[in-house]
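This report describes the packing of secondary structure elements and the contact between chains in the model shown below.

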Amino acid sequence: MTVHNLYIFDRNGACLHYSEWNRKKQAGISKQEEFKLMYGMLFSIRSFVSKMSPLDMREGFQCFQTSRYKLHFYETPTGLKFIMNTDLSVPNARETLHQIYSTLYVDYIVKNPLCSLGDPLQSDLFSARLDTFIKNLPYFNPRAA
Amino acid sequence: MADEALFQFLHSELIQYIYKSGANGETENGKNITKLEAMGFRVGQGLIERFTKETPRFKDELDVMKFICKDFWTCLFKKQIDNLRTNHQGIYVLQDNSFRLLSQLSAGKQYLEHAPKYLAFTCGLVRGGLSDLGLKSVVTAEVAGMPACKFQVMIQKV
């Protein structure tokens, strides 16, 4: 049970924050390209999901899973996107991502007048608290399977 | 009192505004701090009138300082001053280990050079409060590591 990495994108597609805890394999492309790929893919998936949905859509795209990992997605009403890759045993990290937004992002970035919204997140306090929060999650294990 | 977040956002914007409208380079730093402190002074005067409506007269200087540390700070920041020191000759040091307006900024050395801006208004608040209670003073603040900070009050003997 573990968390692999976390991305935070703003509403224009700029990557505000990325951290990883347990990533065994890199993507093989530069970080900038990886962020662009991630954002572009999510944009397409969300649009696809809403078009092809046979019923009225409520939340939209929430997660996808492969045989090795699961990707969770949460978008705030203000357009901020949180993406977390975990292993397969995590059922639904939506609540966790929502907590990251409401307790960490709002408290340490929005309320910090020295962090302008839209810039990459530089507050050390935010990074430290995020790290502690992730490490305290019940499904986090520093040594991945 | 209104929600904490409301005041915090307003306070941050106030500081941004003062700095933007006085933007003549680094040399104007002192002027901006003075403006913020003067604003705090006027607000402090008004606040202290409200808070001391029902309280009896203060016995002496130390009593006034204790009131500032306990009741005044509680009404403003929902906590008390953590430590009050004095040399009994008019100098008081108020220490707050987790100052509300700084706790979201950082937990150590990051952004340290911006910290004084966020303390100027509160220095004015304290000075205004003391002035309406009959004590002329000079209040300064220093930050060694956020979010702890110290306010130094020097009572002036007229």
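## Helices α3 and α4 of chain B

In this predicted model, the axes of helix α3 (residues 61-77) and helix α4 (residues 115-132) of chain B come within 11 Å and cross at roughly 130 degrees. Axes are lines fitted to C-alpha atoms, for helices over the stretch in contact, with angles from 0 to 180 degrees between N-to-C directions; helices (H or I, at least four residues) and strands (E, at least two) are DSSP runs numbered from the N terminus.

On the α3(B) side, the contact (heavy atoms within 4.5 Å) involves B:V64, B:M65, B:I68, B:F72, B:W73, B:L76 and B:F77, and α4(B) contributes B:T122, B:L125, B:V126 and B:L130. Ten of these residues are nonpolar, one is polar and none is charged; Ala, Val, Leu, Ile, Met, Phe, Trp, Tyr, Cys and Pro count as nonpolar, Asp, Glu, Lys and Arg as charged, and the others, Gly among them, as polar.

## Helices α2 and α3 of chain B

Helix α2 (residues 29-51) of chain B also packs with α3(B): their axes come within 11 Å and cross at roughly 100 degrees. That angle makes α2(B) roughly perpendicular to α3(B). B:L47, B:I48 and B:F51 of α2(B) touch B:F67, B:I68, B:F72, B:C75 and B:L76 of α3(B), a contact with eight nonpolar, no polar and no charged residues.

## The sheet of chain B

Four strands of chain B form an open antiparallel sheet in the order β1-β2-β4-β3, where pairing requires at least two DSSP bridges between two strands. β1 (83-86) and β3 (137-142) each have a single partner strand, so one side of each is left without a neighbour in the sheet. Neighbouring strands are turned by 15 degrees against each other on average, direction ignored.

Four bridges join β1(B) to the antiparallel strand β2 (residues 91-96) of chain B, and B:L84 stands opposite B:L94 in β2(B). Helix α4(B) packs on the sheet, touching β3 and β4 (149-155) of chain B, and its direction makes about 155 degrees with that of β3(B).

## Contact between the chains

Twelve residues of chain A are in contact with 14 residues of chain B. The buried area (accessible area, 1.4 Å probe, that two parts lose on being put together, summed over both) is about 1100 Å², with 61% from carbon and sulfur atoms. In chain A, the most area is lost by A:K111, A:P113 and A:L114, together 54% of what that side buries.

## Conventions

Residues are numbered from 1 along each chain as its sequence is written, and chains are lettered from A and ligands numbered from 1 in the order in which they are written. Local features need pLDDT of at least 70, side-chain atom pairs count only at pLDDT 80 or more, and totals for chains, interfaces and linings use all residues, while side-chain values use heavy atoms, with hydrogens and water left out.

Technical notes. Parallel < 35°, antiparallel > 145°, perpendicular 65-115°, else oblique.
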